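Keep the viewer open as you read.

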Amino acid sequence: MKMQTHLFVQDKGNFEEVMQSAGKIIRAGGLVAFPTETVYGLGANALNPDAVQKIFEAKGRPADNPLIVHVAKKEDFFRLADEINPTAKKLMDTFCPGPLTLILKKKEIVPDITTAGLDSVAIRLPSNKIARELILASGTPIAAPSANRSGSPSPTSASHVMNDLNGKIDAIIDGGNTEIGIESTVVDARGDIPIILRPGEISREDIETVVGKVEIGYKDNKEGIKNPLSPGMKYTHYSPHAEVILLEGSAEAIKQKIAELIQQYSSEEKKIGVLLTEELQDNFVAMKVISLGLASQPSVAAQRIFSAMREMDMEGIDIILVDGSFTSQGIGAAVFNRLRKAASKMINL
Ligand code: TXA
Ligand code: MG
């Protein structure tokens, strides 16, 4: 169904008015995309099954993929979830509001469609002001996946959302570029030892500091990395149209391999884009180059990877070569996770 998507541009003068108008759309069962500190979310009243159904339709999202429920106050965790144990409480007290999603035992009040039939619910208290004020103005928890078409890179600006969902949703609130750039850390907090299901800005190290032991419940295709040039198709999730080739190893080896691949693909008349750490910036010319920031500061790479993939697609790039010489410490682990999932080839040097 085609509809007119309204773009709310907010400033200090109209902030309250925009929140009220957008909140009214959510209350009426509509869809509003909004910024969070991680990526833009596509929101609907989490407690209204018909409204939640529209999210799945607009995104083309498989019905078996559950949504995160966003709340504005800590009390709401207790309204939506049961059996919140001391470990989960510690995580909440330390990291919420912020880019952390907790998987908890669901209460009856959360409809099955929101959790894709699971008896658990994912809950997140965002720190972004627009996100929180929207939830308060709506008077209900908001279910929100990332506001991209299913399978595309997550949106970090209102224009990314517009490109994917214009005509399919009621409104978008423009809040500029998101701060973090990749999605929240998802942690199953039902047991005594938390399990990280998706890495994010809140790192394994951060969580260990608070609760001691942590388990890793996600894979980012180690198999593929041991096997150079192995196709990572079954891990592809965040794909741009261009083919992504991720190079890992020492900066020097990556530099040489990129030069080699540029030569090879140029001779095949491919349009090549390169995502490079700041350290390797000056080595390649005459093509689309986007910086990932310093190798020691993966937070910059996090801010840029999804928008860089979209930018490369807009320019009709065929192949994106990614310099994976940045650190895997902290948020670096999450950046590698997203890149490995996007990559159709990984080369370990
Ligand atoms: O930063 C974020 O988390 C963004 C912003 C908008 O908050 N949201 C986001 O949502 O990334 P989405 O739907 O793109 O990713 C949510 C992830 C999915 O991998 C989903 O399978 C998982 O969380 N998830 C949701 N509910 C779950 C549950 N009950 N058990 C296990 N995994 C769950
Ligand atoms: Mg998503």
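In this predicted model, helix H4 passes helix H7 in a right-handed crossing. H4 covers residues 86-95 and H7 covers residues 204-211, and their axes come within 10 Å, crossing at roughly 120°. Angles from 65 to 115 degrees would count as roughly perpendicular and those over 145 as roughly antiparallel, so H4 ends up oblique to H7.

Which residues in H4 and H7 actually meet? On the H4 side, look for Thr 87, Lys 90, Leu 91, Thr 94 and Phe 95; on the H7 side, they meet Asp 206, Ile 207, Val 210 and Val 211. Sorted by class, that contact has five nonpolar, two polar and two charged residues.

While you're on H7, pick out Thr 209, which is found in this helix too. Is Thr 209 buried or exposed? Its relative accessible area is 69%, and the cut-off for exposed is over 50%, so Thr 209 counts as exposed.

Now for the rings. The count comes to one aromatic pair, formed by Phe 326 and Phe 336. The pair is stacked, at 4.4 Å centre to centre with 25° between the planes. Phe 326 sits in the loop between strand S17 (319-324) and helix H11 (332-342), while Phe 336 belongs to helix H11, so the pair ties together parts that are 10 residues apart in sequence. Both Phe 326 and Phe 336 are buried.

Technical notes:
Residues numbered from 1 in each chain as written. Chains lettered and ligands numbered in written order. Predicted model: local features only at pLDDT ≥ 70, side-chain atom pairs only at ≥ 80, totals over all residues. Heavy atoms only, no water. Axes fitted to C-alpha atoms, helices over the stretch in contact; angles between N-to-C directions. Helix = DSSP H or I, 4+ residues; strand = E, 2+ residues; numbered from the N terminus. Parallel < 35°, antiparallel > 145°, perpendicular 65-115°, else oblique. Left-handed = near helix turned anticlockwise from the far one by under 90°. Contact = heavy atoms within 4.5 Å. Nonpolar A, V, L, I, M, F, W, Y, C, P; charged D, E, K, R; others polar. Phe/Tyr/Trp six-rings, centres within 6.5 Å; stacked < 30°, edge-to-face > 60°. Buried < 20%, exposed > 50% of the residue type's maximum accessible area, 1.4 Å probe, protein only.
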